[in-house]
Protein chains: 2
Amino acid sequence: MEGLTKIDDLGKPRVVIVGGGFGGLELAKALADAPVQVVLIDKQNYHTFQPLLYQVASAGLNEGDIVSPFRKILSNQDNFYFRLAEVQGVDPVAQVVETTIGRVRYDYLVLATGATTNYFGDEQMAKNAIAIKSVDDAIELRNTVLSNFEQALQLGDMEQLNSLLDFVIVGGGPTGVEIAGALSELRTHVFPKDFRELDFKQMDIHLVQSGPVLLKGMSANASQQALESLQKFGVQVWLDARVKSYDGYTVTLNTGQQLITRTLIWAAGVTGAPIAGLRPDCLLPGNRYAVDEHNRVQGYDNVFAIGDIAAMRTAAHPEGHPMVAQPALQQGRLLGENLARLLAGKPLQPFHYQDKGAMATIGRNHAVADIKLFDKEYHLQGFPAWLAWGVVHVVSLIGFRNRLMVLLNWTWSYLSHDKGLRYIIGKAKPPLQEAEVEEKAIV
Amino acid sequence: MEGLTKIDDLGKPRVVIVGGGFGGLELAKALADAPVQVVLIDKQNYHTFQPLLYQVASAGLNEGDIVSPFRKILSNQDNFYFRLAEVQGVDPVAQVVETTIGRVRYDYLVLATGATTNYFGDEQMAKNAIAIKSVDDAIELRNTVLSNFEQALQLGDMEQLNSLLDFVIVGGGPTGVEIAGALSELRTHVFPKDFRELDFKQMDIHLVQSGPVLLKGMSANASQQALESLQKFGVQVWLDARVKSYDGYTVTLNTGQQLITRTLIWAAGVTGAPIAGLRPDCLLPGNRYAVDEHNRVQGYDNVFAIGDIAAMRTAAHPEGHPMVAQPALQQGRLLGENLARLLAGKPLQPFHYQDKGAMATIGRNHAVADIKLFDKEYHLQGFPAWLAWGVVHVVSLIGFRNRLMVLLNWTWSYLSHDKGLRYIIGKAKPPLQEAEVEEKAIV
């Protein structure tokens, strides 16, 4: 394999990073000047800015504006090598990663595989629900929402009609709150103009949250504000409610209540995405690898884990840090420095999480933010929070081009009350079955 | 079918337009103030700006920037109705169109179904080649080009390597010339940075043209300039050559010459896309409907055809007008006016094609243009032609948002020598077969 053999020519220790999310990418960058060869393996050729996936799903942004090809981001980093492949396992004795393009040797292995949607073993749910965890998910959801209304034009029966117009979102974290808000904006400002023949008073948006508050983990103030804003926007919020089952049409809650929808959006939890081959005892509940304060996987010398897949249990975070961007970014950066220290024979620095707070947007001019700066906590809501949310997300995007495009799209949407990207391209839901359409009349 | 029945409430004559390309969309707009109900049926929910598809294929533009949802374009037109459906046939006696969502009655039917890729009956070619006729085609080509290089990293054998790095484009019209130019730009400015391990001197771009000149139909000057520019950019142009066969790996020309490639781009011709149910004698060779000077299909009173699917045989164009945007736009506009005249009992106006010329871009600062203004013809080449090409295409795009986004993307690409959208999302080629990779070494 000449292509891969060339990698070896550097003659430096090789760091193999599995996964190019926030943590893996930050680590690759942090190793730019280290005397190592950096090999990043990912099953996509691009980094995804996950916090904005819900905007792709709601026709506000092009998928192209929130992804960045790895080769483009790091084209100037001489020690960086990328391989498009899926990792199937690791052999820690041979120090080799098994992938769909062959075996890749490592000196240091860093698992940054992130998290995947957690259906808690409910296979029927996994089959029928739509998640918002990847670009493909977001595109599928956008296409499904748009197809629903096209199909609704063919139906007369009220329950059938509502099965297409109504949406049930499960999970009251940031993703659930944000997609609920985005759908309610589309219902108010966009869809009634597009589909004059449909009555959007019939379109219900349900948000089901298992606990007593939305945005668990944020301040009580933020949770309450999010609830009030969503209710103001006409979202029906079900607190302390769990979905017992969903067959693709009927949602049954633990209260016995039933909701009818062909579109259930599952934002109710994630679980680590471990790979085969490591000792089972280093995997904690939640499928996260137990790591020490240097992100070293328990029981291994040269295997590390960062971000969502790593659980560094500390006094403040006994089950590991929150599975969001900041711990991944900070761990990636520190591990880059620590690997350089390791090679230089210097002592490693322990990880200290710097919590910068959390934010969620609910819709036009409405957001909540708990911001931690210099050990002080600030609570923002309404327009200031919404503006802060926008600034933080634009600045965090990778590359000038994406920042500019997202900023322009947002400015355009804000001024025009419009979401321009309402096209059905790519994976879409199948058309209604013949039997589902009551009548094929000559009109 | 309540949704569709509502359409009838207008109680006005119904014009059903099949296909929302340049002609169909222009007609729908032109009928805005006519006392008719306009029903547009298309299998996509968006209009595609086909002249820029090749830029989506070469990672220069987002697909979202060159498509516009029909419902968005015409959301302010009260007499406009859209249906997302595929048309399966027409029953001119019952005055009904058969579609995948049922039967749709018409008073006036306008066929604007456009053209489809013509493989001249070569099924092997249809299976193995990639076209650039739809958004799906363009996305598939972009993903294929990018996947090729990722896969090339796994190969050592020189012929195998070249099968992935080399491209054969069949057809020397504007599309063939433009994609050849775009690939050569990527080869020079973009890919060598992305794939430092590959030797892009190995990447050959072949353009095969059956006739003696490129851009047949344009001025001799333009044809010659296009040829010289492509050769300067390192494209191997084969004039007077035809592809005899392609099995997905080996291209055999009529000269006996063989080229090796896994990616053959077919831009060698289109054919009309007629629908079942009309009398066979109104269909001319090339699958275009014979229409009179009012675009009325031969032998029918209330069935019309416009654009690529219509062949209006005139002294200047004995086989019908060129299958490009301008005749479609002009016929759509005139037919809108003529249908209003028909309903008002006024005499119809005959169609006179106003030829505005033709243009093609070859790459950065290089284009050719034959522009007809006030009965004079102007020939531009090089930078002025390239600038004119850009202005005409930006202005022709639908919607301010798309114009702005395309302009910004182009400005960005021009200044940075970069094509930013090098992500593999959507339909992609399958990975190499196990047997195709010689060796899966531990590297």
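Between domain 1 and domain 2 of chain A, about 380 Å² of area is buried, with carbon and sulfur atoms giving 66% of it. On the domain 1 side, A:L25, A:T117 and A:V270 lose the most area to domain 2, together 71% of what that side buries. Please keep in mind that this is a predicted model.

**The two domains**
- The domain assignment of chain A puts residues 2-43, 85-117 and 270-343 in domain 1, and residues 123-268 and 365-429 in domain 2.
- Taken over C-alpha atoms, the centres of domain 1 and domain 2 of chain A lie 32 Å apart.
- Contacts between them involve 7 residues of domain 1 and 4 residues of domain 2 in chain A.
- If you are looking for salt bridges between domain 1 and domain 2 of chain A, the count is 0.

**A nonpolar surface patch**
- On the surface, A:F383, A:L387, A:V391 and A:V395 make up a nonpolar patch, and their accessible area together is about 370 Å².
- One of these residues, A:V395, sits in helix α11 of chain A, which covers residues 382-396.
- A:V395 counts as exposed because its relative accessible area is 57%, and the cut-off for exposed is over 50%.

**Around A:K356**
- A:K356 is found in the chain A loop that runs between α10 (325-343) and β24 (357-363).
- With a relative accessibility of 41%, A:K356 is partly exposed.
- Leaving aside residues up to four places away in sequence, A:K356 touches A:Q326, A:Q330, A:D370, A:I371 and A:K372.
- A:D375 is 19 residues from A:K356 along the chain, and their C-alpha atoms are 9.3 Å apart.

How values were computed:
Residues numbered from 1 in each chain as written. Chains lettered and ligands numbered in written order. Predicted model: local features only at pLDDT ≥ 70, side-chain atom pairs only at ≥ 80, totals over all residues. Heavy atoms only, no water. Patch = residues over 30% accessible without salt bridge, like charges linked within 9 Å, V, L, I, M, F, W, Y side chains within 5 Å. Areas by Shrake-Rupley, 256 points an atom, 1.4 Å probe, with all protein chains shown as cover. Salt bridge = Lys/Arg side-chain N within 4 Å of Asp/Glu carboxyl O. Helix = DSSP H or I, 4+ residues; strand = E, 2+ residues; numbered from the N terminus. Buried < 20%, exposed > 50% of the residue type's maximum accessible area, 1.4 Å probe, protein only. Domains from an automatic or database assignment. Contact = heavy atoms within 4.5 Å. Buried area = accessible area lost by both parts, 1.4 Å probe.
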